Amino acid sequence: MSLSASQNRAGLALIAPASILAIIFLIAPLSSILVLAFTDYQLGDRSLRFIGFENFQALIDDPVFWKSLSNTLIYSAVVVPGSMLLGLVSALLIDAGTSLRSFYRTAFFMPVMASLLAMAIVWEFMLHPSFGIVNTTAKALGFASHNWLKDGDIALYVLAVIGIWQSFGFNMVLFMAGLSAIPRDLYDAAELDGTPHAWERFKLITWPLLAPVAVFVAITSAIRSFQVFDTVHALTQGGPNKATEVLLYTIYAEGFEFFRSSHAAAITIVFILLVVSVSLLRFVSLKKNGEGA
Amino acid sequence: MTARSFVSSALRHTALLLIAAFALLPFAVMVSTSIKPADEIFSETLRWWPQKLAVIENYTEAFSAAPLMLYLMNGVVVTAAIFFLQVLVTLPAAYALAKLHFFGRRLAFGFVLFCLLIPYQAIAVPLFILLYYVGLLDSYSALVLPFTISVFGIFLMRQFFMGVPDDLVDAARMDGMSELSIVWRVMLPAAIPALTAFGVFSIVTHWNDYFWPLVAVSSDKYFTPPLGVMAFRNAEAGNDFGPLMAAATIIVAPLLCLFLLAQRRFIEGIAFTGIK
């Protein structure tokens with residue numbers, strides 16, 4: 001038997017367990033999402049009927065869906081720049097000196113490690129209208145207190161702050177990895193050339209060399225922020241009055257509370273399109289960088 | 001130290017300490033509240049260290065009001081089972097994709113890349129229907145089975161195996177090793193750094209996951225730690241803050257302690273898996 005024939009057999013045998021599991025737990029579910037979205041199936045039904053684009057037509061006519069989609073985008077539009085900026089500033093500041101580096105790095109990374117659900121409950125307590133630390137501090141400093149999670153005008157932004165709190169440490173680590181790849185002598189050269197200001201050096205050297213990392217961080221942050229769920233489910237249930245309704249929460253409610261599986265499948269398709277199109281931006285940006293070089 | 005470098009160092013620390021206060025505030029509030037008696041929690045004056053300690057009261061109350069030990073054990077069992085099965089399935093597949101020439105290899109790898117784009121929440125509805133029909137909802141299997149296949153793990157390990165020299169594999173073949181024993185006796189030992197990174201990623205993800213356990217199980221004997229805290233809060237109607245914060249502390253502590261003990265490894269692991 002030739003080497004290639006035996007390699008072929010071994011290769012197929014070694015990927016067999018992974019392939020079987022992938023068929024059951026990835027390919028079949030993914031294809032059934034595509035099928036379900038065009039049917040009237042509800043969990044427990046004995047039969048289903050194809051109804052074309054009716055589920056999508058229903059989505060277009062459903063104000064809750066539009067609210068959910070726009071809330072998800074607003075949430076991301078706050079969390080992505082917020083957690084990137086805080087992550088970048090943290091990385092630059094830690095990198096600028098030698099003392100207490102690992103203390104700061106550890107402190108900033110703790111929110112990434114801790115169960116977001118448990119910490120959401122702590123945030124809820126901190127935001128308690130009458131004796132939460134946020135309002136008591138605000139009052140002591142002469143600011144107005146708010147019912148943070150029950151006020152429809154601000155609840156989504158409060159959740160976004162929790163989102164920034166939870167994820168900026170992750171971005172910091174990615175930026176620090178990017179910074180460590182920038183050769184030190186570039187900075188020395190800039191100093192010799194008479195670029196003494198930190199800001200000038202940042203504009204001239206750090207930012208251009210960090211740009212690919214920043215693109216990657218932006219895309220990862222966006223995809224993670226589209227998946228916001230734990231804080232919404234624990235703290236607001238999409239309320240008050242749908243002010244914090246987000247895509248994953250709508251999918252959860254439709255699919256697992258009302259068991260309208262086909263309707264949930266249609267929203268899921270929108271969710272997948274959103275995530276995949278942002279992921280594909282990465283390839284576009286890679287290609288552009290490749291052409292520029 | 002010159003005056004200018006002193007000033008810039010002071011500014012650096014001021015800014016970093018402010019950010020650290022933001023990052024650590026919830027942890028401080030959580031631990032501080034968990035050792036306070038009720039009357040001090042509801043008082044208007046902020047005190048980090050209570051006048052009268054209520055550690056024993058709050059923590060006993062937390063352990064007796066909900067089976068927290070069971071939730072923690074469930075967390076350990078579920079995350080360990082997931083990671084063990086992931087390694088068992090992932091390493092042979094990653095080795096085959098990296099080092100063996102077989103029919104359909106490009107297609108299989110393309111499939112891995114495609115699936116990397118899809119968050120698992122997107123297939124939760126059909127997975128739920130599948131488990132419903134085979135009667136596996138509300139069981140340990142429901143918590144573990146969907147995650148036995150990790151395309152991310154396959155991708156990560158495949159990239160690492162690409163860097164392992166072919167000579168190592170050829171030498172093992174010369175010695176008469178089967179391909180499967182090459183996976184476990186040659187590749188596994190070489191891949192410890194990548195496997196550690198994958199382990200950190202897998203354990204942190206599944207210990208903290210809330211969405212899938214929420215969907216998959218309903219009896220509290222299967223609750224994982226995040227479901228446990230949530231059940232505790234709902235049962236206590238959210239007013240008994242001392243024991244509630246004690247419960248949150250107990251649920252968050254194991255992973256945070258591990259992290260503080262091996263923080264370098266954790267941060268590098270997450271950065272490694274994040275950058276891919």
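Trainee: How much of chain A is buried?

Mentor: Of its 293 residues, 42% count as buried. A residue is buried if 20 or more other C-beta atoms lie within 10 Å of its own, exposed if 12 or fewer, and partly exposed in between, with C-beta atoms placed from the backbone. Please note that this is a predicted model, in which local features need pLDDT of at least 70 and side-chain atom pairs count only at pLDDT 80 or more, while totals for chains, interfaces and linings use all residues. Residues are numbered from 1 along each chain as its sequence is written, and chains are lettered from A and ligands numbered from 1 in the order in which they are written.

Trainee: And what is the buried share in chain B?

Mentor: In chain B, 45% of the 276 residues are buried.

Trainee: How many helices and strands does chain A have?

Mentor: Chain A has 12 helices and zero strands. Helices (H or I, at least four residues) and strands (E, at least two) are DSSP runs, numbered from the N terminus. The radius of gyration of chain A is 24 Å, well over the 19 Å that the globule rule gives for 293 residues, so chain A is more spread out than a compact globule. That radius is taken over C-alpha atoms, and the globule rule is 2.2 Å times the number of residues to the power 0.38. Along the principal axes, the C-alpha atoms of chain A fill a box of roughly 75 × 75 × 30 Å.

Trainee: What about the secondary structure of chain B?

Mentor: Chain B comes to 15 helices and zero strands. Its radius of gyration is 24 Å, well over the 19 Å given by the globule rule for 276 residues, so chain B is more spread out than a compact globule. The box for the C-alpha atoms of chain B is roughly 75 × 70 × 30 Å along the principal axes.

Trainee: Which helix of chain A is mostly covered?

Mentor: Helix α5 (residues 116–126) of chain A is mostly covered, with 11 of its 11 residues buried. Among them are W123(A) and E124(A).

Trainee: And why is α13 of chain B described as largely enclosed?

Mentor: Eight of the 11 residues of helix α13 (residues 225–235) of chain B are buried, so the helix is largely enclosed by the rest of the structure. The buried residues include P225(B), P226(B) and R233(B).

Trainee: Which residues touch the most other members of the largest nonpolar core?

Mentor: They are A118(A), V122(A), M157(B), A247(B) and A248(B), in a core of 167 residues. Helix α7 (residues 155–180) of chain A provides the largest share of this core, 15 residues. A nonpolar core here is a set of buried Ala, Val, Leu, Ile, Met, Phe, Trp, Tyr and Cys residues joined through C-beta atoms within 7 Å.

Trainee: What does A247(B) touch?

Mentor: Leaving aside residues up to four places away in sequence, A247(B) touches A62(B), A66(B), L68(B), V229(B) and F232(B). Two residues are in contact if their C-beta atoms, placed from the backbone, lie within 7 Å.

Trainee: Moving to the interface, how many residues does each chain give to the contact?

Mentor: The contact takes 75 residues from chain B and 72 residues from chain A. On the side of chain B that touches chain A, helix α1 (residues 3–34) of chain B gives the most, with 14 residues. That side of chain B divides into 61 nonpolar, nine polar and five charged residues. Ala, Val, Leu, Ile, Met, Phe, Trp, Tyr, Cys and Pro count as nonpolar, Asp, Glu, Lys and Arg as charged, and the others, Gly among them, as polar.

Trainee: Which residues of chain B does UniProt list as "transmembrane region"?

Mentor: The unreviewed UniProt entry lists residues 68–95, 107–134, 140–161, 182–204 and 241–262 of chain B. UniProt positions are given in the numbering used here, feature names are shortened, and annotations may be inferred rather than shown by experiment. Residues 68–95 of chain B are 100% helix and 0% strand, with end C-alpha atoms 40 Å apart. Residues 107–134 of chain B are 71% helix and 0% strand, and their end C-alpha atoms are 30 Å apart.
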